[in-house]
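Open the model in your viewer and keep the sequence beside it. This tour moves from one selection to the next.

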Amino acid sequence: MTRARGAVLGALAVVVAALVVYPAFGTGYGVRATLQVFMWIALAGSWNLISGLTGYVSFGHVAFFGIGAYAGSILIATAGWSWPLAALGGGIVACVLALVIGYPCLRLKGPYFAIAMLGLNEVLRALVSYFEGLTGGGNGLSLPTLDATTSIYYVMGGLAIAVTAVTYLIITSRFGLRLMTIREDEIAAEAMGIDTFRHKLGAFLLSAAGPGIAGALTARDQGYIEPISVFPLVVTVTMIVMVLFGGKGTVWGPVLGAIALFVIQEIVWARYPYVHPLLFGAIIIAVVLAMPRGVLGLLQLKYRLPRTI
Amino acid sequence: MSLLTVEGASRSFGGIAAVNRVSLSLEPGRIYGLIGPNGSGKTTLFNCITGLERLDGGQVRFKGERIDGLKPSRIARQGIGRTFQVIRVFPELTALENLLVVTRGPRAEAERRGRAMLEFVKLERLAGEYAGNLSYGQQKLVEFVRVLMTDPALILLDEPAAGVNRTLLNDLLAAVSRLRDEGRTILLVEHDMKVVMGLCETVFVLDHGEKIAEGPPGLIQADERVIEAYFGR
């Protein structure tokens with residue numbers, strides 16, 4: 001086992017090193033696409049923390065991305081913060097939102113929670129459009145021009161690594177096992193002395209930080225945001241599909257899902273722009289029917305692998 | 001001082017009084033039985049004690065403190081453990097993880113205790129197997145030792161004998177006696193009268209949510225109200 005572990009760590013080191021030097025050689029498109037993959041890994045990994053582990057499906061997770069994007073942009077444009085600090089601010093604002101929303105909503109069970117989260121996203125989008133003074137309303141918010149793509153590439157890459165590392169730490173801890181008992185049987189978990197509400201809230205806070213930071217970074221990179229560009233339901237759906245495809249409740253499932261779906265998406269998008277949504281729907285149906293546990297979930301069960309795959 | 005006191009506990013669902021002004025008290029280090037026909041309120045009473053159902057009236061005291069109205073997890077951490085009528089292991093956690101997950105404190109120590117518990121019920125070879133893949137009897141044992149991992153002073157067992165073969169049952173009953181000898185208190189719901197009569201020192205009988213009798217098994221068996229509740233007049 002230790003040899004396998006060493007091999008995995010070695011391979012990871014090589015991949016990380018390659019990604020570190022990549023911007024020096026890669027094309028503009030390549031760097032931008034890799035940056036996007038980092039973002040999707042961070043988003044899918046974060047969704048996995050709450051929904052993959054506790055089974056509480058968040059249908060509005062893009063709300064944290066959107067609020068992070070707005071918080072970050074306002075901090076940059078109005079308060080004059082530097083973008084790395086503003087990104088941190090976006091993460092913190094997303095966590096505060098998670099606390100405020102999680103407190104009532106995590107008492108809801110199953111589908112009711114999912115729908116409440118869907119509502120949250122719509123409410124936020126409406127609020128952001130309404131408070132024009134702060135957010136620019138429907139006209140959006142422009143940031144001063146700045147070419148920081150390479151720096152953002154590194155920070156987003158760091159975020160993807162951080163989310164994956166946190167997932168690893170949680171899944172191998174008793175805290176992670178307790179989160180899973182909520183998915184498995186919440187009533188039994190309570191009866192066994194596990195304070196399920198506090199555990200859910202903890203996981204929810206953790207799952208909001210990554211999207212908040214990613215939102216602020218994306219806003220800085222693109223230089224312009226508007227309500228429909230940062231609160232789209234399709235981003236939540238994409239996170240969910242990535243995790244379901246890769247394997248929910250595993251460490252590498254969201255990573256695999258993010259990479260695989262992004263690549264598929266890019267190819268299809270470029271060649272057949274109109275069937276792109278159709279393809280996504282088809283993947284959801286295929287995954288749910290043929291391998292509800294996703295690629296890694298299936299391997300995990302078949303070959304009795306640990307969840308740390 | 002009694003370990004657990006239930007005073008005038010009531011709980012209704014719609015117009016049905018599932019538990020109606022039930023009072024009972026449990027002394028430390030004894031085994032109690034709770035019997036009654038189907039729908040007499042046994043499981044609801046368990047749920048009221050463990051906080052899974054709120055009380056409409058009355059109160060529950062554990063070690064002298066009110067516990068009714070607390071969250072189930074707080075009640076559990078104060079020292080009340082339970083099993084369920086329908087098995088509720090965590091199916092996608094391994095047998096060992098099912099035990100680890102309820103522990104606090106150093107992990108190595110928890111793992112050592114967990115393995116010892118699995119050995120105690122002869123499941124040590126299945127420590128790494130998902131609990132959902134175990135047989136019914138094995139899951140029942142995992143659920144039983146999972147309760148013990150929390151080191152409870154009071155253990156509520158909901159039909160421990162149901163669906164368990166004779167050999168396994170004897171092991172379970174021996175284990176329950178040993179827990180009593182360690183000073184723990186056990187309250188068990190059971191339909192198997194042989195089990196109740198052989199194990200329990202005091203039996204409470206519920207019928208239509210009300211406590212209709214209480215006493216040593218021998219006397220309970222001869223009690224007219226009890227016979228009537230089970231067989232009709």
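Select Ser58(A). Leaving aside neighbours within four places in sequence, Ser58(A) is in contact with Trp47(A), Ile50(A), Ser51(A) and Met117(A). Contact here means that two C-beta atoms, placed from the backbone, lie within 7 Å. Ser58(A) is found in the loop between helix H2 (28–54) and helix H3 (62–77) of chain A.

Is Ser58(A) buried or exposed? Ser58(A) is buried, with 31 other C-beta atoms within 10 Å. The cut-offs: buried needs 20 or more other C-beta atoms within 10 Å, exposed means 12 or fewer, and partly exposed lies in between, with C-beta atoms placed from the backbone. Ser58(A) and Thr236(A) are 178 residues apart in sequence, and their C-alpha atoms are 8.3 Å apart in space.

A note before moving on. The model is predicted: local features need pLDDT of at least 70, side-chain atom pairs count only at pLDDT 80 or more, and totals for chains, interfaces and linings use all residues. Residues are numbered from 1 along each chain as its sequence is written, while chains are lettered from A and ligands numbered from 1 in the order in which they are written.

Colour chain A by pLDDT, the predictor's confidence in each residue, from 0 to 100. The mean for chain A is 92, and 100% of its residues reach 70 or more. Within chain A, confidence is lowest in helix H13 (residues 276–290), at a mean of 81. It is highest in helix H9 (residues 196–222) of chain A, at 97.

Next, select Leu108(A). Its place is in the loop between helix H4 (83–105) and helix H5 (110–130) of chain A. Leu108(A) is partly exposed, with 14 other C-beta atoms within 10 Å. Not counting residues up to four places away in sequence, Leu108(A) touches Phe113(A) and Ala116(A). Thr196(A) is 88 residues from Leu108(A) along the chain, and their C-alpha atoms are separated by 12 Å.

Show helix H11 (residues 233–246) and helix H14 (residues 294–302) of chain A. They pack at an angle of about 25°, with their axes 3 Å apart. That makes H11(A) roughly parallel to H14(A). Axes are lines fitted to C-alpha atoms, for helices over the stretch in contact, and angles run from 0 to 180 degrees between N-to-C directions. Under 35 degrees counts as roughly parallel, over 145 as roughly antiparallel, 65 to 115 as roughly perpendicular and the rest as oblique. Pick out Leu244(A), Phe245(A) and Gly246(A) in H11(A): they meet Gly294(A), Val295(A) and Leu296(A) in H14(A).

Now bring in both chains. How many residues of chain A are in contact with chain B? The contact joins 16 residues of chain A to 21 residues of chain B. Helix H8 (residues 174–191) of chain A gives the largest share of the chain A side, 11 residues.

Hide chain A and turn to the sheets of chain B. Display S6-S7-S8-S3-S9-S10 (chain B): 6 strands in that order form an open sheet with mixed pairing. Strands pair if DSSP finds at least two bridges between them. The edge strands are S6 (80–82) and S10 of chain B, each pairing on one side only. Neighbouring strands of this sheet are turned by 20° against each other on average, direction ignored.

Start at S6(B). Here 3 bridges join S6(B) to strand S7 (residues 154–158) of chain B, and the two run parallel. Gly81(B) stands opposite Ile155(B) in S7(B).

Move to strand S9 (residues 202–207) of chain B, where 5 of 6 residues are buried. Strand S3 (residues 31–35) of chain B pairs with S9(B) in the parallel sense over 4 bridges. Gly33(B) has Val203(B) as its bridge partner in S9(B). With strand S10 (residues 210–215) of chain B, S9(B) pairs in the antiparallel sense over 5 bridges. Leu206(B) stands opposite Lys211(B) in S10(B).

Last stop: S2-S1-S4-S5 (chain B), 4 strands in an open antiparallel sheet. Strand S2 (16–26) and strand S5 (65–66) of chain B each have a single partner strand, so one side of each is left without a neighbour in the sheet. Finish at Phe62(B), which stands opposite Glu65(B) in S5(B).
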